[in-house]
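Here is a note for a colleague who is opening this structure for the first time. Please read it with the sequence and the model side by side.

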Amino acid sequence: MKLSKSQKVILYVLCSALFISGAAKALYQYILQPDGPFTPGYSELEQVWLTAHGILSPLYLVALGALIPVHMKRSWAAGRNQASGVFIVTIHLVLIATGLGLYYAGTESLRAISVSVHLWIGLGLPLILIGHVLLGRTSRKF
């Protein structure tokens with residue numbers, strides 16, 4: 001059930017880059033670049049972070065999908081780390097749905113909910129993934 005070294009590198013790099021780009025965009029939007037008379041509310045730097053996040057997202061999803069036939073299937077069959085695995089999949093499905101909601105939400109109130117949920121879950125994702133990895137390591141049979 002252990003990931004190969006190349007899988008780990010790809011997933012960790014993509015996840016880290018997604019976290020950094022999303023957190024930087026949020027930091028810039030909500031803290032460093034508040035709306036005001038001299039700041040129009042959306043800058044080129046913010047667009048760079050958002051573009052990077054948008055490019056990295058499908059790459060990360062492909063890498064996650066590559067885990068299904070081996071890592072997820074074998075771990076499920078072995079009965080190991082199932083609860084945290086289901087939680088991880090659920091969290092990713094919520095991130096996918098809210099990410100789509102950012103672009104395709106029909107109303108501003110629905111979009112605002114998507115922004116908040118996507119931001120807070122995205123900021124917490126590294127801790128959730130670390131927890132999953134640590135649980136997996138403690139459940140291994142030596």
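The numbered points below go from the overall fold to a charged pair and then to a surface patch.

1. Basis of the note. The model is a predicted one, in which local features need pLDDT of at least 70 and side-chain atom pairs count only at pLDDT 80 or more, while totals for chains, interfaces and linings use all residues. Residues are numbered from 1 along each chain as its sequence is written, and side-chain values use heavy atoms, with hydrogens and water left out.

2. Overall fold. The chain has 5 helices and 0 strands, where helices (H or I, at least four residues) and strands (E, at least two) are DSSP runs numbered from the N terminus. Read along the sequence, this gives the pattern α-α-α-α-α, and the C-alpha trace spans about 60 × 30 × 25 Å along its principal axes.

3. Among contacts (heavy atoms within 4.5 Å) with a separation of 6 or more, 72% come from residues 24 or more positions apart.

4. The salt bridge. A search of the whole structure finds 1 salt bridge, defined as a side-chain nitrogen of Lys or Arg within 4 Å of a carboxyl oxygen of Asp or Glu. Lys25 and Glu46 form this salt bridge, and their closest N and O atoms are 3.0 Å apart. The pair links distant parts of the chain, since Lys25 lies in helix 1 (residues 5–32) and Glu46 in helix 2 (residues 44–65), 21 residues apart. Both Lys25 and Glu46 are buried.

5. The nonpolar patch. Leu61, Ile68, Met72, Val89, Leu93, Ile96, Leu100, Tyr103 and Tyr104 make a nonpolar surface patch of about 900 Å²; such patches join nonpolar side chains (Val, Leu, Ile, Met, Phe, Trp, Tyr) within 5 Å, from residues with over 30% relative accessible area and no salt bridge. Areas of this kind come from the Shrake-Rupley method with a 1.4 Å probe, and for residues only the protein chains shown count as cover. Helix 3 (68–78) and helix 4 (82–104) each supply at least two residues of the patch, and helix 4 gives the most, with 6 residues.

6. Met72 is found in helix 3, and Met72 counts as partly exposed because its relative accessibility is 31%.

Methods
Buried means under 20% relative accessible area, exposed over 50%, partly exposed in between (1.4 Å probe, protein chains only). Patches are made of residues with over 30% relative accessible area and no salt bridge: like charges are joined within 9 Å, nonpolar side chains (Val, Leu, Ile, Met, Phe, Trp, Tyr) within 5 Å.
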